[in-house]
Structure formats: structure tokens, C-alpha cells
Amino acid sequence: MEIKFTTGTSPLGSLLVAATDKGLCIVSLRESDAGAEEHLRARFPKAELRRDDAGLRPALDTVRERIAGRKLDSALPLDLQGTDFQREVWSQLLSIPPGKTRSYLDVAQAINRPKATRAVAQACGANPVAVVVPCHRVVMSDGSIGGYSGLPGVKKALLAAEGVEQVNAAT
């Protein structure tokens with residue numbers, strides 16, 4: 001499988017977007033470009049990776065806009081690779097409107113698996129296209145921010161950029 005990628009800066013760290021011929025397969029925020037590329041290689045160890053700054057510039061710019069809380073409804077083609085359960089969760093996350101949050105329990109109930117809140121949280125943590133599939137919109141039932149697999153402060157910053165104010169400060 002060939003995966004094209006590019007990196008750039010964002011207010012939240014080094015941003016990497018990567019895509020197959022079907023769509024985005026990785027959106028990653030890391031401390032450095034090297035760290036972002038390492039994450040890509042770890043996720044797809046057998047893929048042929050090719051840098052394509054020009055070709056992926058529009059996707060990179062769209063993700064930057066989303067980080068800033070703009071163009072949140074801009075459609076991007078996705079190539080989500082995960083288990084059936086993970087893809088079901090990720091599909092549900094795409095239905096959460098910008099500026100709104102749902103609890104892990106809400107998501108579990110929406111996919112008719114009300115006892116699967118931990119599995120939902122794990123699927124959120126495994127989301128390969130953060131920001132685009134908005135796992136940051138899923139919070140704890142008590143309103144606290146919960147976990148996030150990316151850099152510290154990213155989840156809170158993404159929610160703030162979307163105008164979400166009710167999230168408790170506890171992390």
C-alpha cells in the first residue's frame with residue numbers, strides 16, 4: 001500500500017496528514033515532524049511512504065482550519081482502517097455536531113452497546129484521524145474532559161476553538 005504524507009506547523013504542534021488513494025488515513029499532532037513521521041511508520045510499518053507536500057496541501061490546510069475552529073463541516077475523504085467496532089464508533093463520532101459534546105456512555109448507547117463505554121474510549125484513543133473524526137468531542141459523563149491520545153492540552157484547545165465552554169477543567 002502506498003501512503004502519501006505531508007507535515008506542517010499548527011498552533012497545537014507539528015501536524016501530519018497522510019492519505020491512501022481512498023482518503024486520509026492519518027492525522028497526527030506531535031511535538032515534532034520527526035515524531036509525527038515515526039507515528040505514521042509505526043501505524044503502517046509495511047506501507048510505502050512518499051512525501052507529497054503539494055498534493056496534500058489542501059487537506060493540511062483544511063485540518064489547520066478545523067484546529068482553529070473553522071470549516072468544521074468541510075468534508076474530507078477518509079480511509080479509516082480499524083476493527084468493525086472501531087469504525088462503528090468513529091462513524092458515530094462524525095455525527096456529533098461541532099461545538100457539542102457527548103459522553104462515552106452516550107456514544108456506547110448510540111451504537112446499541114450501552115455497556116461498552118471503556119471499549120468506546122479505547123476506540124476514541126485509537127482514532128487515526130484526530131480532529132477530522134472528532135474524538136475530542138467525547139467527554140466523561142460528569143462533564144470532565146477525559147483522556148486524549150495526543151499531546152497534552154490538545155483536546156481542551158480543540159473544544160475551546162469550537163466554542164465548547166462547559167467542559168470541566170479536570171483532566
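Helices and strands are taken here as DSSP runs, numbered from the N terminus. In this predicted model, an open sheet is built from four strands in the order β3-β2-β1-β4, and the pairing within this sheet is mixed. The edges of the sheet are formed by β3 (24-30) and β4 (48-51), each of which has a single partner strand, so that one side of each is left without a neighbour in the sheet. From one strand to the next, the twist averages 25°.

The pairing of strand β1 (residues 2-10) with β4 is in the parallel sense and extends over four bridges; within this pairing, lysine 4 has arginine 50 of β4 as its bridge partner. Helix α1, which comprises residues 33-43, lies across β1, β2 (13-19), β3 and β4, and runs at about 140° to β3.

A further packing arrangement involves two helices, α3 (residues 84-93) and α5 (residues 117-125), whose axes are 9 Å apart and meet at an angle of about 80°. Because angles of 65 to 115 degrees count as roughly perpendicular, α3 and α5 are therefore described as roughly perpendicular to each other. On the side of α3, the contact is made by Phe85, Gln86, Val89, Trp90 and Leu93, while α5 contributes Ala119, Val120, Ala123 and Cys124. When the residues in this contact of α3 with α5 are sorted by class, eight are nonpolar and one is polar, whereas no charged residues are present.

Conventions:
Residues numbered from 1 in each chain as written. Predicted model: local features only at pLDDT ≥ 70, side-chain atom pairs only at ≥ 80, totals over all residues. Heavy atoms only, no water. Pairing = 2+ DSSP bridges. Axes fitted to C-alpha atoms, helices over the stretch in contact; angles between N-to-C directions. Contact = heavy atoms within 4.5 Å. Parallel < 35°, antiparallel > 145°, perpendicular 65-115°, else oblique. Nonpolar A, V, L, I, M, F, W, Y, C, P; charged D, E, K, R; others polar.
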